[in-house]
Amino acid sequence: MPTVAPLDLEGHVVATHFLGEIPLFATAAGTIHRLDGGEKVTEAHEGLLTCIRDAYSATLLTGGEDGKVLRIAHDGSVTQLAEAPRKWINVVAGGPQGAVAYAHGRTSFVRLSDGSTREFSEERTVEGVAFAPKGLRIAVARYNGVTLHWVGTNGAPVDLDWKGAHTGVTFSPDGRFLVTTMQENALHGWKLDGKPGEARHMRMTGYPAKVKSLSWSVKGKWLASSGAPAAIVWPFSSKDGPMGKAPLELGTRANIMVTQVAFHPAEEVLAIGFVDGMILGVRIADGKEALLRRPGKGAITGMSWSATGKLLAFSSEAGDCGVIDISA
């Protein structure tokens, strides 16, 4: 059994992320706790709504009820990137060349490294934003689909339409596929590398609950998802992605729902967090399972691997957090 270093925080912990080998935990109250030679605390927001890791800069990006968008470094230092008074910022994304996207209402914004900002208006409320892996391009999830915008040019936006509420969006690491989480119990996808104007649809349905956590494997061959009493892992290695293929179901437990999934940074190993606080590690190749954490207080709300892949940090809705050393 791997060793677990526990950390008990007050209240709901929204997310946890590693910056290098330093784990940071973000609470709904707006504090960022980091374990760096002891526990250190940064007061970031008056009410934190979202916290992601910016893969391009190894910093955290956060949005809050105070209308602020912040960048937080591994040493806890805070840079304010934007502020929209009286607006709630619950959508942020990090992109290449220091670009940061955020949204409120029906408008998404991209702040470039020189401090200038581009605005993109939608007909419906923005629910999610993601940067494409190549080129300065964003995907904006909204009701009835996704809009693609080029940030640096005045090219016409591309609409990818599919009926229903799309609540989040992610590009595959190679940029060939785009996948959204939906208000209904489903994922929807588009294959983007066909002929111009031809984006083929992919329906991924059959979930008993909403999908709230997605994770791509290191080379993008697999997309893991929550929303079932197992991690549902879709194959994306062929040219048509998961179309016509059944997903893997990993870490199956009778009626205990998966709430978080996180692929290892170097290997096809998936960490699976459950509603009862348990965490399993599962190897894709053979489905072999390892118990990483026994059930604890609160559903798992976040998981993150360290850069080396030897440590796994986790957070829960009850503030029951910790770091698992899988090399122990």
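Two strands are taken as paired if DSSP finds at least two bridges between them. Strands (E, at least two residues) are DSSP runs numbered from the N terminus. The views below show a predicted model, in which local features need pLDDT of at least 70, side-chain atom pairs count only at pLDDT 80 or more, and totals for chains, interfaces and linings use all residues. Residues are numbered from 1 along each chain as its sequence is written, and side-chain values use heavy atoms, with hydrogens and water left out.

**View 1. An open, antiparallel sheet of four strands in the order β6-β7-β8-β9.** The edges are formed by β6 (48-54) and β9 (78-83), each of which pairs on one side only. On average, neighbouring strands of the sheet are turned by 20 degrees against each other, direction ignored; the axes behind this angle are lines fitted to C-alpha atoms, and angles run from 0 to 180 degrees between N-to-C directions. Strand β8 (residues 68-72) runs antiparallel to β9 and is joined to β9 by five bridges. L70 has Q80 as its bridge partner in β9.

**View 2. The stacked rings of Y102 and F109.** Three aromatic pairs are present in the structure. Rings of Phe, Tyr and Trp (its six-membered ring) pair if their centres lie within 6.5 Å; planes under 30 degrees apart count as stacked, over 60 as edge-to-face and the rest as tilted. The ring centres of Y102 and F109 are 5.0 Å apart and the planes stand at 15 degrees, so the pair is stacked. Y102 and F109 are both buried (under 20% relative accessible area, with exposed over 50% and partly exposed in between; 1.4 Å probe, protein chains only).

**View 3. The edge-to-face pair of F177 and F236.** The two rings lie 5.1 Å apart, centre to centre, with 75 degrees between the planes. F177 belongs to strand β17 (residues 177-182) and F236 to the loop between β22 (231-235) and β23 (248-250), so the pair ties together parts that are 59 residues apart in sequence. F177 is buried, as is F236. Ring pairs link F177, W216 and F236 into a cluster.

**View 4. R253 over the face of F274.** R253 is placed at 4.6 Å from the ring centre of F274. A charge sits over a ring if NZ of Lys or CZ of Arg is within 6 Å of the ring centre and within 35 degrees of the ring normal.

**View 5. The side chains of K191 and D240 in polar contact.** K191 is part of strand β18 (residues 187-191). Its relative accessibility is 11%, so K191 counts as buried. The contact between the side chains of K191 and D240 is at 3.5 Å. A polar contact is a pair of N or O atoms within 3.5 Å; within protein, one must be able to donate a hydrogen and the other to accept it, and residues adjacent in sequence count only if both atoms are side-chain atoms.
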